[in-house]
Amino acid sequence: MTGSRLLTTLVLLSVVAAASACGRKAGLDTPYEAAVQARKDAEKANQPVPPEPAPPVADRHFILDGLI
């Protein structure tokens, strides 16, 4: 019984380790950057171009920003 539990535990740990290694290592894109990239990709593929995205507004200082 302990051998099967050990084997089950090792299999589950290897599955968790393999799943945690999946994904993208680079930083995430902002919605604006993703929209700009979508426009560039559509132009290259000669497809209809999505509307021009509005640039993000400048980040304003908030009184509680210091807590973060």
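Student: On what conventions do the values rest?
Tutor: Residues are numbered from 1 along each chain as its sequence is written, and side-chain values use heavy atoms, with hydrogens and water left out. As the model is predicted, local features need pLDDT of at least 70 and side-chain atom pairs count only at pLDDT 80 or more, while totals for chains, interfaces and linings use all residues.

Student: How many helices and how many strands are there in the protein?
Tutor: Helices (H or I, at least four residues) and strands (E, at least two) are DSSP runs, numbered from the N terminus. By that assignment the protein has 2 helices and 0 strands.

Student: What radius of gyration does the protein have, beside that of a compact globule of 68 residues?
Tutor: The radius of gyration is taken over C-alpha atoms, and the globule rule is 2.2 Å times the number of residues to the power 0.38. The C-alpha trace spans about 65 × 45 × 15 Å along its principal axes. A compact globule of 68 residues would come near 11 Å, but the protein has 23 Å.

Student: What share of the 68 residues counts as buried?
Tutor: Buried means under 20% relative accessible area, exposed over 50%, and partly exposed in between (1.4 Å probe, protein chains only). The accessible surface, from the Shrake-Rupley method with a 1.4 Å probe and with only the protein chains shown counting as cover for residues, comes to about 6,500 Å², of which 65% belongs to carbon and sulfur atoms. The buried share of the residues is 4%.

Student: What is the distance between the end C-alpha atoms of α2?
Tutor: The expected span of a helix is 1.5 Å times one less than its number of residues. For the 14 residues of α2 this rule gives 20 Å, and the model agrees: the end C-alpha atoms are separated by 20 Å.

Student: Which residue after α2 has a positive phi?
Tutor: Most residues other than glycine have a negative phi. In the segment after α2, an exposed residue with 71% relative accessibility has a phi near 55°, although it is not glycine. That residue is N46.

Student: Which side chains meet in a salt bridge?
Tutor: A salt bridge is a side-chain nitrogen of Lys or Arg within 4 Å of a carboxyl oxygen of Asp or Glu, and by this rule the count comes to 1. The N to O distance is 3.4 Å, and the side chains are those of E52 and R39.

Student: Is R39 buried or exposed?
Tutor: R39 lies in helix α2, whereas its partner E52 is in the segment after α2, 13 residues apart. E52 is exposed, with a relative accessible area of 57%. R39 has a relative accessible area of 17%, so R39 is buried.

Student: Which residues does R39 touch, not counting residues up to four places away in sequence?
Tutor: Contact means heavy atoms within 4.5 Å. With that cut-off, R39 touches V49, P50, P51, E52 and P53.

Student: How far apart in space are V49 and A35, C-alpha to C-alpha?
Tutor: V49 is found in the segment after α2 and is partly exposed at 39% relative accessibility. Leaving aside neighbours within four places in sequence, V49 is in contact with R39, A42 and E43. V49 and A35 are 14 residues apart in sequence, and their separation in space is 10 Å.

Student: Which residues make the nonpolar surface patch of about 670 Å²?
Tutor: Patches are made of residues with over 30% relative accessible area and no salt bridge; like charges are joined within 9 Å, and nonpolar side chains (Val, Leu, Ile, Met, Phe, Trp, Tyr) within 5 Å. One member, I68, is exposed, with a relative accessible area of 89%, and is found in the segment after α2. The patch is made by F62, I63, L64, L67 and I68.
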